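The structure is shown first.

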Amino acid sequence: MEIFSQLIFNSIIAGAVYALIALGFNLIYGATKFLNLAHGVMTAIGGYTVFYFTKTLDWNIYLAVIIGILFAGLIGFSLDKFVYFPLRKRKASNMVLLVASFGAFTAIQAIIAILFNSRFQTLSQNTSAQKSFEIFGGVITQTQLIILASAALIMTGLVLLLHKTRFGKAIKAISDDEEVAKIVGINTNKIIGYVFFIGSAIAGFAGILVGFDTGIEPTMGLDLLFKGVIASIVGGIGNLYGGVLGAFLLGFVENFGIWKISGDWKDAIAFALLIVFLIFRPRGIMNK
Amino acid sequence: MIMKKEILLQLQNISVYYGGVKALDSVDISLDKGEIVALVGPNGAGKSTILKAIFGLAPIHSGKVLWHEKEIEPIPHEAAQRGIAFIPQGRRVFSHLTVEENLEIGGFILKDKHKLNRRIEEIMETFPILRQKKKAKSGTLSGGQQQMLALARGLMTDPKVLLFDEPSLGLAPKIAKEVFAKIKEINEKHKTAIMVVEHNIKFSLKITHRAYVLNKGEIVAKDTSQKLLKSDVLEKIFMGKLV
């Protein structure tokens, strides 16, 4: 019973983190229709910004978290403005944009490794002092509860933003038909820039949460990117709700998949799920 | 007393290239306040490219676009703010949005929420079918309804100029007739200047005041629609006798 409860908690927590990655990834994909691989490295940017401000400069942790989120958003926004926008203007194909995003990912990851070294670090001040709660025999930490609460808050906020604001409707219009969105008077490049900011900030926040829960390392973005992309494809790429659904499905399959076997199989199970969907339902759960 | 015409939109000496292929060759076109002008010609004549050039959606190689006799740089989202609306070919509605949301997006440049809601109400009075379907996803509408929605969305900002690319394309003749009747009604009621690209010459020349005949990116004839209907220039163009 304890193992079962713990696996459920682990699945939900993993699902929440993947959902945050998938939300930003799908938001950007919906607006631009290209796979922005640099999205993964935003998690490391968020994590290392908090690390720098709290561990090196000894700043207030809450302030550091806000700076980390904003900085990740700003890097995402700048990538669009200085790399992707000029390429879109030259009518570059989605493949060119994908390669450019991979280049940006690798470059930023290398810079982080140079600035902070490649060692695994943690953002928590004192891991042993962290509060934890026992529910139905399973244990969940305070940080993990914060992960769940903030994931729920961000998902709700994003849904409200998309459905209740002019800005959100403009994003949906761009996602549907960018050219017609321009025709009706939407400055699509400006909106896409903001989408990059929001999506990257969410990924940065996910990186910070992971940093508090487990830890950070310069390469952390790759694993999280893979999981976010798998969640997006499984749920239906470009579909926000699909991404969330895919994320939780991935979280459950991954964690229950290693119930009786070694945890080293986690990634293999995740990619097996991806392959199954690519073969039998390539458009994902939500996309018709 | 002779009334001076008010020229709203002009294209002077416009040439457009797609890669190395010339799509428009030194084209001069004008649209006056309150008139309906047709652009007719065979496939590949460059009719749609003219509308796209006005909106900055086609790469202009040389020439000028003038708005109220002043040169402008054609940028898509700025054209809407000037009072030019464009309904592109193929009933391109935002298919994942509802009818109401499509209209809201059509009025994106209207910053005042009350003004926007009032305008949606006015538009729904003009297009009663859209009121019935206002909560339906526009992708589920019939072809004719989608075209009406595209037209309604274009009218959300109460534009001075409406550019309409192939209104009857893919529609049954009866529905196409309704669309053309609506175009005529909008022009007469609101004095909206309209430039319409249409492959169905009879339909378009019946409701328009003037027309330009294009062939291979050049204007080969321009006159009042009535005179063009009586002349043999259209027959020559479509039979390939005029090159």
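In this predicted model, the buried residues of α4(B) are covered by elements that include α3 (99–106) and α6 (143–155) of chain B. The helix they cover, α4 (residues 113–126) of chain B, has 14 residues. From its first C-alpha to its last, α4(B) reaches 20 Å, close to the 20 Å expected at 1.5 Å a residue.

| Side of α4(B) | Residues |
|---|---|
| Buried | B:Leu116, B:Arg119, B:Ile120 and B:Ile123 |
| Exposed, on the face turned away from the buried side | B:His114, B:Glu121 and B:Glu125 |

The buried residues of α4(B) line one face of the helix, because they fall within an arc of 105 degrees when seen down its axis. In general, an α-helix has 3.6 residues a turn, so residues three or four places apart point the same way. B:Arg119, a charged residue, is buried in α4(B) together with B:Leu116, B:Ile120 and B:Ile123.

The contact between the chains takes 14 residues from chain A and 20 residues from chain B. On the side of chain A that touches chain B, the elements giving two or more residues are α6 (166–176) and α7 (178–183) of chain A. Of these, α6(A) provides the largest share, five residues. By class, this side of chain A has six nonpolar, two polar and six charged residues.

As to confidence, the mean pLDDT of chain B is 92, and 97% of its residues reach 70 or more. The model as a whole scores ipTM 0.90 and pTM 0.91.

Terms used. Residues numbered from 1 in each chain as written. Chains lettered and ligands numbered in written order. Predicted model: local features only at pLDDT ≥ 70, side-chain atom pairs only at ≥ 80, totals over all residues. Helix = DSSP H or I, 4+ residues; strand = E, 2+ residues; numbered from the N terminus. Expected span 1.5 Å × (residues − 1). Buried ≥ 20, exposed ≤ 12 C-beta atoms within 10 Å, placed from the backbone. Arc of directions from axis to C-beta. Contact = placed C-beta atoms within 7 Å. pLDDT = per-residue confidence, 0-100.
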